[in-house]
Amino acid sequence: LMAVIINDEDGRPKSIIASFIDISQRVRIEKLTKERHKKLDCLHWLGELVEEPGITLPEIVQGTVDLMPEAWQYPESACARITLVGKDETWCSEPFEETSVKITSDIWTEGNKVGTVEVFYMKNMKRASGDLGAKEDDAFMDEEYKLVESISGRLGRIIERFHAKDALHESEARYRSLFQESNDAIFIHDVTGKILEVNKKACNLMAYDRATLLSMNVKDLST
């Protein structure tokens, strides 16, 4: 409301000119901008979480469900759950309450469904005036549907990375086993002939322990 008082020649109020400005659209835009910042913050902190040295996949998943409720329009009533079907494990934010008011997005790796991300509004949730829900009967924002999809997509890529790392470790373990248990003496050396690695058969053949052989050059073995 804006008002201007018009006085007469004696300085007494004669009339008032008033105008009303509807700021509801501006308030809605400001609220929408704030909500978008919350969702960007959630993705940012998820990225930071993944880069922590030595962090495990279960720790990443638990950290994700802990981060998620704060990114929603009603954080005090939001809760999250992530399930990995291959491991039959579930992680939930606290407090947690499963209700029919939810968003769900599946986690996929290499064309296979490996889990699900879910966000619920608990029974204590009450929609406020100026609610930003996508529909009159839907408390979730369009951006919140997109956020769940973004999180499930990122988790899929993270899981693939852990699977690749596990596969590499398994391959290395198989190689070490084949190397050590071979019936042939195996010497690994660089271009100068410096011995870098030997197996058990090589130690038995040369009658040296591993530490001694690693201090030698292949030329020493022929003298």
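**Backbone geometry and salt bridges**

Pro95 is located in the loop that joins β4 (89-92) to β5 (102-109), where helices (H or I, at least four residues) and strands (E, at least two) are DSSP runs numbered from the N terminus. The peptide bond leading from Glu94 into Pro95 is cis, with omega near -5 degrees. The model is predicted, so that local features need pLDDT of at least 70 and side-chain atom pairs count only at pLDDT 80 or more, while totals for chains, interfaces and linings use all residues. Residues are numbered from 1 along each chain as its sequence is written, and side-chain values use heavy atoms, with hydrogens and water left out.

Positive phi values occur at Glu110, near 50 degrees, and at Ala207, near 60 degrees; each is a residue other than glycine. Glu110 belongs to the loop between β5 and β6 (112-121), whereas Ala207 is placed in the loop between α4 (200-206) and α5 (210-214). Relative accessible area was classed as buried when under 20%, exposed when over 50%, and partly exposed in between (1.4 Å probe, protein chains only). Glu110 counts as exposed because its relative accessibility is 71%. Ala207, at 66% relative accessibility, also counts as exposed.

Eight salt bridges are present in the structure, a salt bridge being a side-chain nitrogen of Lys or Arg within 4 Å of a carboxyl oxygen of Asp or Glu. One of them pairs Arg81 with Glu118, with the closest N and O atoms 2.8 Å apart. Arg81 lies in strand β3 (residues 78-84) and Glu118 in strand β6, so this pair ties together parts that are 37 residues apart in sequence. Arg81 counts as buried at 14% relative accessibility, and Glu118 is buried with a relative accessible area of 8%.

Glu118 also forms a salt bridge with Lys102, for which the closest N and O atoms are 3.6 Å apart. Because Glu118 lies in strand β6 and Lys102 in strand β5, this contact ties together parts that are 16 residues apart in sequence. Lys102 is partly exposed, its relative accessible area being 38%.

A further salt bridge joins Arg210 to Glu197, with a distance of 2.8 Å between the closest N and O atoms. Arg210 lies in helix α5 and Glu197 in strand β8 (residues 195-198), so the pair ties together parts that are 13 residues apart in sequence. Arg210 is partly exposed, with a relative accessible area of 43%. Through shared partners, salt bridges join Arg81, Glu98, Lys102 and Glu118 into one network.
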